Amino acid sequence: MLAARITPKVVACGLVGEILLLAGLYLPATFGWTSRFRLTEALVMTVAGVLAFSIALLLSLEVAAEYRQARWARLAWLMLAANAALSLMKRSVGSPLFDFLMAGYRTSPLRGLLDNLLVVPANLCLLAGLLAVWWAFHRLGLGFRIERRDWAAMAGVAALFLTLLLFRASLSQGQSPFLISRFTQPFGLALLAPISACGLVLHRYAVRMGDGKLAVVMRWLMVYVLLRGVLVLLHSALSPKLPLMLDSPADLEDWAFDVLWQVVQWAAAMAAACRAQLTVSAAEQLRQLRAAKAAVVPA
Amino acid sequence: MKHGIAELEWNDYLDGRATDEVRDRIEAHLIGCLECWEFYEQMSGATQELLEAGEEARQGLTLEDRQLHAMLRGVFARLGTTEAGAAAPSCVQGQLNLLETVLAPFCGTQAAVSALHAAAENSPAHSLDRVTPDNWEPFLKKLTAIAAAMCGETFAGLVWESGQF
């Protein structure tokens with residue numbers, strides 16, 4: 001069982017390790033002690049991104065296999081696994097490493113095309129996964145209802161993204177020679193509206209559950225979902241002149257944004273690891289219970 | 001009482017709590033009575049096995065404070081019951097408390113309570129107050145199904161086995 005080896009602690013070490021490594025590479029250059037290690041930074045980001053989404057993919061598949069009878073929960077984790085797989089591909093084709101092979105690749109129309117061809121299905125899978133989680137809990141009848149204020153917050157979040165799309169002066173792929181890029185980019189960004197709104201549902205569920213391991217999973221999923229939206233909005237607000245795009249700043253100078261995007265991908269891995277760890281804990285407790293019963297009543 | 005040794009005296013002797021006078025009397029008798037010697041051997045073997053099994057169970061089953069607290073609540077609820085007819089409901093209450101302590105660390109405290117209520121409402125008991133040993137199994141099946149939908153099959157297995165009387 002993979003989950004027994006890839007624990008949330010391992011994932012947390014991956015996240016912290018990557019940030020420390022990036023800080024260790026970036027800060028000396030900022031203070032003028034060394035030159036910028038761009039290639040090494042790009043290498044670290046790419047490897048870490050691939051690693052994080054691979055963990056999310058494998059653990060999500062393992063979790064989905066746990067729901068043999070509960071088809072909505074199974075569907076939810078399969079969709080989250082598909083999202084991780086597509087994000088993994090997107091991370092690979094969007095790697096800053098390609099900048100060293102092809103000048104200006106990161107801002108080129110080709111990269112925009114590849115990016116958006118993967119972003120749209122990835123976001124659709126994520127949205128489907130979140131809706132399946134929502135429905136899976138709703139039909140259990142545990143009284144987890146979405147209140148009026150939640151609906152209002154969801155509508156507010158969705159409206160914020162749609163307003164941004166409608167009134168924003170330009171999108172990075174607005175002038176792309178690839179027609180499909182011009183259409184898929186606004187669609188991919190628009191999907192952030194319902195996805196972020198669903199993130200609020202996860203928050204409500206986590207609050208309703210109180211404590212517990214499942215609530216932790218909900219919270220990490222919420223971080224994964226909402227941090228993406230927050231970063232797009234922040235980037236848009238802080239750099240209104242720059243063309244809007246889903247995840248990547250215009251160049252490597254936007255170091256802080258790069259690091260925060262790394263947190264996003266580790267959040268996906270952390271949600272899957274926490275959920276998989278829940279099964280490991282349950283299996284361990286079951287083993288202890290059986291051992292205790294066998295000890296009291298010898299077979 | 002058999003051969004002048006009361007059951008309570010045997011128990012104390014086997015547990016190592018007998019007074020010097022009782023111990024000397026039993027040991028003097030054991031030297032000459034084969035029947036009591038065999039009885040002593042059987043009982044002391046069983047006592048030893050029970051002690052070892054108890055120790056093993058204590059080491060194998062780690063309990064969190066919250067679980068211990070809920071179990072103690074169940075024990076005290078049973079101790080507080082004076083009427084003979086109330087023994088079954090208190091036993092059910094103890095099991096419900098135990099299930100809550102199994103569910104809560106995984107699903108959260110509030111979700112655990114909601115799951116117990118939902119399982120009862122959708123079982124022949126119709127409410128948590130009316131769950132009895134007679135309708136326990138359909139209630140437990142429903143709860144296991146809810147646990148499976150929330151946290152998967154392994155966790156559902158834990159709930160099912162914890163809920164067995």
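Author: In this predicted model, B:Glu161 counts as buried, because its relative accessibility of 19% falls under the 20% cut-off. The side chain of B:Glu161 meets that of A:Arg290 in a salt bridge, with 2.5 Å from N to O. B:Glu161 belongs to helix 8 (residues 153–162) of chain B and A:Arg290 to helix 10 of chain A, so this pair joins two chains. A:Arg290, at 44% relative accessibility, is partly exposed. Side chains of opposite charge can pair when their charged atoms come close.

Helix 10 of chain A, residues 255–296, also holds both A:Glu284 and A:Arg287, which sit three residues apart, about one turn of the helix. Their side chains form a salt bridge at 2.8 Å, N to O. A:Glu284 is partly exposed at 34% relative accessibility, and A:Arg287 is partly exposed at 48%.

In chain B, the side chains of B:Arg25 and B:Glu21 form a salt bridge at 3.2 Å, N to O. B:Arg25 is partly exposed at 32% relative accessibility, whereas B:Glu21 counts as exposed at 52%. The two are four residues apart in helix 2 (residues 20–32) of chain B, so about one helical turn separates them. Elsewhere, A:Glu147, A:Arg149 and A:Arg208 are joined into one network by salt bridges that share partners. Over all chains, the structure holds 12 salt bridges.

As for the setting, chain A has 10 helices and zero strands. Of its 299 residues, 54% count as buried.

Technical notes: Residues numbered from 1 in each chain as written. Chains lettered and ligands numbered in written order. Predicted model: local features only at pLDDT ≥ 70, side-chain atom pairs only at ≥ 80, totals over all residues. Heavy atoms only, no water. Buried < 20%, exposed > 50% of the residue type's maximum accessible area, 1.4 Å probe, protein only. Salt bridge = Lys/Arg side-chain N within 4 Å of Asp/Glu carboxyl O.
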